[in-house]
Amino acid sequence: MARRIFEIASEVFSRIPHARFAAVVAHGVENTQPNTEVQAFLQDTVQETVERFSGSDPKAHPAIAIWRETFRALGWSPSTYLSSVEALVRRSVKGNPPPHINPAVDLANAISLRYLVPIGAHDLASAPQGIDVRFADPALDRFLPLGSDEEECPSPGEIVYAHEHDIRTRRWVWRQSRTGLVTFSSRDILFPIDGFVDVTETAIREAAHALADMLTSLLGATVSIHWLTPDQRTVSE
């Protein structure tokens, strides 16, 4: 029987019909040891990002501006809640780039910076019922922030990544939970890539292929790529 890995709720597409998603599903990732090639790739991409945004404000770039516009339309302050890609760019430009975490996460961060699209990383072993992108249920959903032991309740109307009622990412692509993090022991990983028709759709496709190629060649993974649209909302395997 096929296992459901990832699903976008129809209500998300109803609210944001121009949203598009890619999902890179990787099995057997060799993630137990630091990988010098991956580390070098991340460092090079950070330097490229610094040069790319020299003398310019990241929020003016169309790939980042679209997230700010969308967050604003959803009632979220785009200055308070930065999309993950804008946060990565700003950290890099300010000389505080993402640290080396583990090869899989480092690859995701590097590809995110290179193609300017948000990329998540979720340990599938911690999500046997699959990951959903949906609107939050504040009465039932809970979120455990990084660096905290106190759970939070999501706000009404939030788009979240969730495993059942365990929120894995708040405000769509803003902040990830402590639960479901990819660690050195993670072997099976979902990498969702988020974007929008006509603005970053090409970028998410290119990013998905680049990430899949590097997961295969550098980390020995078996990889599949999936496209999620209003007509194809689920990934199963």
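The lining of the largest pocket comprises 20 nonpolar, 8 polar and 3 charged residues. These counts come from a predicted model. In total, 31 residues line this pocket. Ser-84, Asn-109, Leu-146, Trp-174 and Gln-176 are the lining residues that lie nearest its centre. The space inside the largest pocket is about 770 Å³. Both helices and strands contribute to the lining of the largest pocket. Helix H4 (84-93) and helix H5 (103-115) each supply at least two residues. Strands E8 and E9 likewise each supply at least two.

Arg-170 has Arg-175 of E8 as its bridge partner. The two strands form a hairpin with 4 residues between them. In that turn, Arg-171 has a positive phi of about 45°.

Strand E7 itself spans residues 166-170. Most of E7 is covered, with 4 of its 5 residues buried. Strand E6 (residues 159-163) also runs antiparallel to E7, and 3 bridges join the two. Here His-163 has Asp-166 of E7 as its bridge partner. E6 and E7 form a hairpin with 2 residues between the strands. Glu-164 in this hairpin takes a positive phi near 55°. The pairing with strand E5 (residues 142-143) is parallel. E5 and E7 are joined by 2 bridges. Phe-143 has Ile-167 of E7 as its bridge partner.

Strand E9, which supplies at least two residues of the pocket lining, belongs to an open sheet of 4 strands. The order in this sheet is E3-E9-E2-E10, and the pairing is antiparallel. Strand E3 (122-123) and strand E10 (222-228) stand at the edges. Each of these has a single partner strand, so one side of each is left without a neighbour in the sheet. Within the sheet, strand E2 (residues 19-27) runs antiparallel to strand E9 (residues 189-196). The two are joined by 8 bridges. Val-24 stands opposite Phe-191 in E9. In a regular strand, side chains alternate between the two faces of the sheet.

Technical notes:
Residues are numbered from 1 along each chain as its sequence is written. This is a predicted model: local features need pLDDT of at least 70, side-chain atom pairs count only at pLDDT 80 or more; totals for chains, interfaces and linings use all residues. Side-chain values use heavy atoms; hydrogens and water are left out. Buried means under 20% relative accessible area, exposed over 50%, partly exposed in between (1.4 Å probe, protein chains only). Two strands pair if DSSP finds at least two bridges between them. On a 1 Å grid over the protein atoms alone, a cavity is a set of points where a 1.4 Å probe fits but cannot get out, and a pocket is an open set with protein on both sides within 12 Å along at least five of seven lines; lining residues have an atom within 4 Å of a point. Grid points are joined across faces, edges and corners, and a volume is the space filled by probe spheres set on the points. Ala, Val, Leu, Ile, Met, Phe, Trp, Tyr, Cys and Pro count as nonpolar, Asp, Glu, Lys and Arg as charged, and the others, Gly among them, as polar.
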